[in-house]
Amino acid sequence: MKTLTQEFTKGLWEQIPPFRLVLGLCPTLAVTKSLEGGWGMGLATTFVLVCSNIFISALRNVIPPKVRIATFIVIIATFVVITELVMKAYTPMLSETLGVFIPLIVVNCIILGRAEAFASKNGVGRSLLDGLGIGLGFTLALAVLGALRELLGTGKLTMFAQANLDLTIIPLGEGREFLFKFMVDPPGAFVCLGAMLLLMNLISERSARSKAA
Amino acid sequence: MTEYLLLVVYAVLVNNILLAQFLGNCPFLGTSQKMSTATGMAMAVIFVLTFAGVITWAVQWYVLVPLELEYLQTIAFILVIAALVQLVEIVLQKTAPALYSALGIFLPLITTNCAVLGVAIINIKEDYDFANTVVFSFASAVGFGLALVLFAGLRERFALSRMPKALQGTVSGLITAGLMALAFQGFMKLGG
């Protein structure tokens, strides 16, 4: 049995999505054109994940096993609609950036995966920590990926467009294009995620080897 | 007619659902290890996505809009898709057992394929009429199938080559997908 702290921290490295659990790739690739898209999507997903984990774990003895997947989807969809409406009202620019991918949180396999693998078998407190850990791990991964792509592709970092919190890290002359401009295009998303995954594989390979030696 | 033809080219090549819009990437990486699974998945998606596009379009304009329940779109669509997948499974099992045994294991996976829900939502967002919805849903699914089958062909070759351990599996898959996306991006010039 894991301690409560372990339940939380496993999402941040050991099982960090989308690297260790290769799930939820569509939002990972699509919204990480900018740092803002990355953390925005990550936090929206975290909110839905934590709420649905709490609810599903609280109802785990009431939900009939045969229709559990359908029940999970309805619970998740409810929280997605709440997120969708709140974001449209309070952060319209972010909601515009994420577009169709906010309703698509419903079919993010990370959430359904946690519901099935964890929340339906564990208590409310543990499920909350699990959701929070995995969600924040996902946010971290998306923010790093978004920052990397935006920095390499445009030389800027968009923190929060609505509040005008943009940083120009590498200034460019008028009318010049950035060398790695393809990073913000679709191919850059695949290549950048692939490179990050490769780096993580190399790190764990090395640490495994030093442990064995 | 030209309008529909352009829409097909746009959905299949220029704005490919997998490589430009990033919808349905989990099955793209998950079911592309073998050619036979990839073709099965592609057929199942073409079948279900076209149906789902049409039915969710009808649900939106004949149920949700008259009742002023547009904010329930996400919940309604995912339930319609889940029910549709179940229905297709039952009907196929009874009427076309050969097709069912070919597509069977892929059908349940499609409920959580974001390409299906994504295209359904795009149809509504872009204000497509009925004919456009049919054409766009079908063409998007064909684009999905095309990219998936091409990708599976590449990955089958990978299985035969020697590769450093850290590069195997998902990593090489992602980088290949990036190169494919680069090739598909060339079609953007078609749109002018």
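Buried means under 20% relative accessible area, exposed means over 50%, and partly exposed lies in between, with a 1.4 Å probe and protein chains only. The views below show a predicted model, in which local features need pLDDT of at least 70, side-chain atom pairs count only at pLDDT 80 or more, and totals for chains, interfaces and linings use all residues. Residues are numbered from 1 along each chain as its sequence is written, chains are lettered from A and ligands numbered from 1 in the order in which they are written, and side-chain values use heavy atoms, with hydrogens and water left out.

**View 1. Lys10(A) and its salt-bridge partners Glu7(A) and Asp130(A).** Lys10(A) is buried, at a relative accessible area of 2%. A salt bridge is a side-chain nitrogen of Lys or Arg within 4 Å of a carboxyl oxygen of Asp or Glu. Lys10(A) makes one with Glu7(A), at 2.9 Å from N to O, and Glu7(A) is buried as well. Lys10(A) also pairs in this way with Asp130(A), at 2.7 Å from N to O. Asp130(A) lies in helix α7 (residues 124-154) of chain A and Lys10(A) in the loop between α1 (4-9) and α2 (25-30), so the pair ties together parts that are 120 residues apart in sequence. Helices (H or I, at least four residues) and strands (E, at least two) are DSSP runs, numbered from the N terminus. Asp130(A) is buried, with 0% relative accessibility.

**View 2. The salt bridge between Arg209(A) and Glu205(A).** The closest N and O atoms of this pair are 3.7 Å apart. Both residues belong to helix α8 (residues 186-212) of chain A, where they stand four residues apart, about one turn of the helix. Arg209(A) is exposed, at 57% relative accessibility, whereas Glu205(A) is partly exposed, at 25%. Elsewhere, salt bridges with shared partners join Glu7(A), Lys10(A), Arg114(A), Arg126(A) and Asp130(A) into one network. Over all chains the structure holds six salt bridges.

**View 3. The interface of chain B and chain A.** The two chains bury about 3,000 Å² between them, 83% of it on carbon and sulfur atoms; buried area is the accessible area (1.4 Å probe) that two parts lose on being put together, summed over both. On the side of chain B that touches chain A, α2 (25-30), α4 (73-95), α7 (114-125) and α9 (170-185) of chain B each supply at least two residues. The largest share, nine residues, comes from α9(B). The contact (heavy atoms within 4.5 Å) takes 34 residues from chain B and 36 residues from chain A.

**View 4. Cysteine sulfurs of Cys26(B), Cys51(A) and Cys109(A).** The structure holds zero disulfides over all chains, a disulfide being a pair of cysteine sulfur atoms within 2.5 Å. For Cys26(B), the closest cysteine sulfur is in Cys109(A), 3.5 Å away and too far for a bond. For Cys51(A), the closest cysteine sulfur is also in Cys109(A), at 20 Å, again too far for a bond. Cys51(A) is buried, with a relative accessible area of 17%.

**View 5. Asn132(B) in helix α8 (residues 130-158) of chain B.** Asn132(B) is buried, at a relative accessible area of 9%. Leaving aside neighbours within four places in sequence, Asn132(B) is in contact with Glu3(B), Tyr4(B) and Leu7(B).
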